[in-house]
Amino acid sequence: MLTATKNELLTRVDPGTPMGELLRRYWQPIGGASQLDGNPIKAIRLFGEDLVVYKDLTGRYGLIDRHCPHRRADMSYGWVEEKGVRCSYHGWLVDEKGHTLEQPYEDTTLPRTSAREGCNVRAYPVKECAGMLWAYMGPLPAPELPVWEPFTWDNGFREIVLAEVPCNWFQCQENSIDPVHFEWMHDNWSRRLKGSNSNDAPKHLKLRFEAFEHGLIYRRVREGQSLEDRYWTVGRVCLWPNGFYLGSHFEWRVPVDDENTMQIGWFFVRVPNGREPYVQETVPTWVSPIKDDSGRWISSHVINQDIVAWVGQGRIADRTKENLRASDIGIQMMRRRFFEEMDAVAAGKDPGGVIRNPNEAQCIPLPNMRRETNTQGVPLDKFEDDPVLRQLLREFRYHYGQPPEVRRSFEEAMGIAG
Ligand code: FES
Ligand SMILES: [Fe+2]
């Protein structure tokens, strides 16, 4: 249980809030680079700020205020040029630094005036990595963008999946340090949804949570497993500050504002042995629906099930009314670390996990239960022996709504297209 004050501290993300300031110290994934392929400018709301992300005609990315510095028209209805975005109202041109470069009427009639003074807008650096766009919204200089080891793997089919989740980010992230929910939400509930009448998923028998530089690790033993199992010897990573890493995919819970979260997943499936080299020209990005036609939350896929839990906790979970127990030790550790890191930022320090040394950021290994599978690969006829690969060959089990063209590219990559 938390006090209302502490709950506010963990959940509020606007500029100037302690958590908003902390999370702004890290590069955040904000979508797939391929989302800008059709229309190179897109409105986006992040951390309570209305912005546009764009790619200009020279390939430079920008993330700037959604409102034009002139009279605040919507820049997402402007267009990109060689340098920056031009507002469609009176043609002002703004670049990726937030500087107004052109004011057509003033430039024509009042040359060499100071008309551009005071016309800068908010602007944040954007980088592309692993097919995703990343933004840094904190004080400059920006730290290094961490290149997690899986981003360096080749011969894999990757896809990026977004879901717009109408609740606060922190309850989504608490799910990253919650092993027991797999037994109930993903195993027993899935079996019930398919008609089972019993709760016969293997029980959790033992849990351990540990802190490390880039987050927390949880280890678990379930019925039928032992202390030799990789779920115990390696474990899974609650990635600091708002990610989750499970060996073949990442998830991030990026605050849109206090009451909305963008769930972003990055998924990797290595092609079967014999199909190398496989080079993926572009990484597809798609948005997963979370409600069905009747207005109910979709519950058929793994992360859709998680979303049912998150939104069910309320727009902002009321932690004054909860009862944490033994399965929640990791959640308590995570909250404690957030409070410590907020204090560190308030004291003017870099919080944990921020990387300033470029060499350190190049290929950062994480505890990984599936490194061998994902780097060496397995022959197609052995996919059946691996519970994750077996299911993925049949369907994309994580999110509802994979577009048919993405499925087709996946099947072609795997060599199973009909
Ligand atoms: S409002 Fe954008 S140029 Fe006038
Ligand atoms: Fe889950």
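How many helices and strands does the secondary structure of the chain come to? The chain has 11 helices and 19 strands, where helices (H or I, at least four residues) and strands (E, at least two) are DSSP runs numbered from the N terminus. The model is a predicted one, in which local features need pLDDT of at least 70 and side-chain atom pairs count only at pLDDT 80 or more, while totals for chains, interfaces and linings use all residues. Residues are numbered from 1 along each chain as its sequence is written, and chains are lettered from A and ligands numbered from 1 in the order in which they are written.

## Overall dimensions

Along the principal axes, the C-alpha atoms occupy a box of roughly 80 × 55 × 50 Å. Of the 418 residues, 37% count as buried. A residue is buried if 20 or more other C-beta atoms lie within 10 Å of its own, exposed if 12 or fewer, and partly exposed in between, with C-beta atoms placed from the backbone. Among contacts with a separation of 6 or more, 63% join residues 24 or more positions apart; a contact requires C-beta atoms, placed from the backbone, within 7 Å.

## Domains and the nonpolar core

The domain assignment gives domain 1 (27–135) and domain 2 (149–414), with bounds that come from an automatic or database domain assignment. Their C-alpha centres lie 32 Å apart. The contact between them takes 15 residues from domain 1 and 16 residues from domain 2. On the side of domain 1 that touches domain 2, the elements giving two or more residues are β1 (28–32) and β2. Strand β1 provides the largest share of that side, 5 residues.

The largest nonpolar core has 84 residues. Such a core is a set of buried Ala, Val, Leu, Ile, Met, Phe, Trp, Tyr and Cys residues joined through C-beta atoms within 7 Å. The residues with the most contacts inside the core are Ile30, Leu46, Val52, Val53, Leu133, Ala135 and Cys238. Both domain 1 (27–135) and domain 2 (149–414) give residues to this core, so it lies between them. Leaving aside neighbours within four places in sequence, isoleucine 30 is in contact with Ile44, Leu46, Val53, Leu133, Trp134, Ala135 and Val254.

One open sheet of 4 strands has the order β2-β3-β4-β9, with antiparallel pairing; strands pair if DSSP finds at least two bridges between them. Strands β2 and β9 (123–124) stand at the edges, each with a single partner strand, so one side of each has no neighbour in the sheet. Strand β3 (residues 49–55) is mostly covered, with 6 of its 7 residues buried.

A further open sheet, also of 4 strands, runs in the order β5-β6-β7-β8 with antiparallel pairing. Its edges are β5 (79–80) and β8 (100–102), each with a single partner strand, so one side of each is left without a neighbour in the sheet.

| Strand pair | Bridges | Bridge partners |
|---|---|---|
| β2 and β3 | 6 bridges | isoleucine 44 and leucine 51 |
| β3 and β4 | 5 bridges | tyrosine 54 and glycine 62 |
| β4 and β9 | 2 bridges | leucine 63 and tyrosine 124 |
| β6 and β7 | 2 bridges | valine 85 and valine 94 |

Two hairpins contain residues with positive phi. The hairpin of β2 and β3 has 2 residues between the strands, and phenylalanine 47 takes a positive phi near 50° there. In the hairpin of β3 and β4, with 5 residues between the strands, glycine 59 takes a positive phi near 90°.

## Helix α5

Helix α5 (residues 180–193) has 14 residues, which at 1.5 Å a residue should span 20 Å; its end C-alpha atoms are 19 Å apart, which agrees. The expected span is 1.5 Å times one less than the number of residues. Just after α5, glycine 195 takes a positive phi of about 105°.

Is phenylalanine 182 buried, partly exposed or exposed? Phenylalanine 182, which is placed in helix α5, has 18 other C-beta atoms within 10 Å and is therefore partly exposed. The C-alpha atoms of phenylalanine 182 and arginine 370 are separated by 18 Å, and these residues are 188 residues apart along the chain.

Notes
Contact = placed C-beta atoms within 7 Å.
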